[in-house]
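Have the viewer open as you read.

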Amino acid sequence: MIEIRNISKAFGKKQILNNINLRVEKGDLICLLGPSGAGKTTLIRLIIGAINGDEGEIYIRGNKMPNLEILKDIGFMPQNEALYNDISGLDNLRFFGGLMGLKGEGLHNSIKEILKLVNLEDDAAKIVDNYSGGMKKRLSLAIALLHDPDILILDEPTVGIDPVLRKSIWQEFNRLKENGKTIIVSTHVMDEVEKCEHAAIIYNGILIAYGAVKDLAARTQSGSIEELFFTANGGV
Ligand SMILES: Nc1ncnc2c1ncn2[C@@H]1O[C@H](COP(=O)(O)OP(=O)(O)OP(=O)(O)O)[C@@H](O)[C@H]1O
């Protein structure tokens with residue numbers, strides 16, 4: 001479904017990603033886990049074709065990225081929200097929904113459903129400038145989900161979101177996965193990994209481990225994925 005082949009990327013003299021190979025099957029929910037600066041966002045930007053790799057290729061459904069047709073079927077949530085701050089949350093949803101080809105009753109119903117999911121029903125009419133960080137994050141997630149894409153690529157979607165809502169959002173990711181969506185979620189929070197089926201662990205631009213979360217944890221003495229980082233860091 002999503003195939004990352006031999007991807008390397010440097011910014012200036014700094015090598016950010018080193019020969020990453022990763023295959024994500026349809027209907028998988030995978031976590032890109034890595035400490036801050038590991039290269040997760042860079043890998044995500046490469047997957048959606050926002051930047052080019054120095055080496056390697058990315059294929060989605062057999063199509064080499066970037067590909068405009070495939071992009072339409074991706075719901076992307078950037079780490080730093082790309083929202084219009086001087087209009088309401090509702091108008092942001094209407095605008096982005098329109099860009100994605102939704103209109104009329106379909107758009108209205110999708111917005112209604114999604115506002116419920118991210119718990120923004122009561123705040124939808126407020127100007128986004130007056131939203132808290134968590135509310136902006138939720139609106140950004142709503143925009144990514146609005147057109148019901150087959151593929152979701154979410155860069156740290158739950159940062160700044162309270163634990164109760166975080167739980168319900170993860171339940172929703174699992175429900176979407178059960179409905180056949182393919183989801184890539186980046187995080188640096190260990191406990192979120194356990195909610196994923198597979199995890200790709202990135203450390204200093206290198207994919208140090210990839211597999212089923214249970215298998216990865218079983219590889220370590222403590223049974224915790226965190227230990228993989230300590231091992232990668234020479235046991236420090
Ligand atoms: N456009 C750019 N130009 C130069 N350096 C960049 C650029 N984008 C990212 N970097 C550098 O690449 C490295 C990896 O950044 P990236 O944002 O991919 O990490 P990350 O794993 O997503 O981190 P975080 O969890 O903090 O978001 C960092 O050292 C960052 O400073």
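## The whole chain

What percentage of the 236 residues in the protein is buried? It comes to 37%, where buried means that 20 or more other C-beta atoms, placed from the backbone, lie within 10 Å of a residue's own. Keep in mind that the model is predicted, so local features need pLDDT of at least 70 and side-chain atom pairs count only at pLDDT 80 or more, while totals for chains, interfaces and linings use all residues. Numbering starts from 1 along each chain as its sequence is written.

As for overall size, the C-alpha atoms fill a box of roughly 55 × 35 × 35 Å along the principal axes. The radius of gyration is 18 Å, which agrees with the value near 18 Å for a compact globule of 236 residues; this is taken over C-alpha atoms, and the globule rule is 2.2 Å times the number of residues to the power 0.38.

## Helices, strands and the record

You'll find nine helices and ten strands here. These are DSSP runs numbered from the N terminus: H or I over at least four residues for helices, E over at least two for strands.

UniProt, in an unreviewed entry, places the feature "domain: ABC transporter" at residues 2–229; such annotations may be inferred rather than shown by experiment. That stretch is 35% helix and 27% strand, with its end C-alpha atoms 25 Å apart.

## Two domains and where they touch

An automatic or database assignment sets the domain bounds: domain 1 covers 1–73 + 151–206, and domain 2 covers 83–149. Their C-alpha centres lie 23 Å apart. Eleven residues of domain 1 are in contact with nine of domain 2, contact meaning C-beta atoms, placed from the backbone, within 7 Å.

On the domain 1 side, β7 (151–155) and α6 (163–178) are the elements giving two or more residues. The largest share, three residues, comes from β7. By type, that side has seven nonpolar, one polar and three charged residues. Ala, Val, Leu, Ile, Met, Phe, Trp, Tyr, Cys and Pro count as nonpolar, Asp, Glu, Lys and Arg as charged, and the others, Gly among them, as polar.

## A look at α5

Helix α5 (residues 133–145) has 13 residues and reaches 19 Å from first C-alpha to last, close to the 18 Å expected, that is, 1.5 Å times one less than its number of residues. Its buried residues include Lys137, Arg138 and Leu139. Which elements do the buried residues of α5 pack against? They pack against β6 (74–77), α3 (89–99), α4 (104–117) and β7.

Methods. Contact = placed C-beta atoms within 7 Å. Buried ≥ 20, exposed ≤ 12 C-beta atoms within 10 Å, placed from the backbone.
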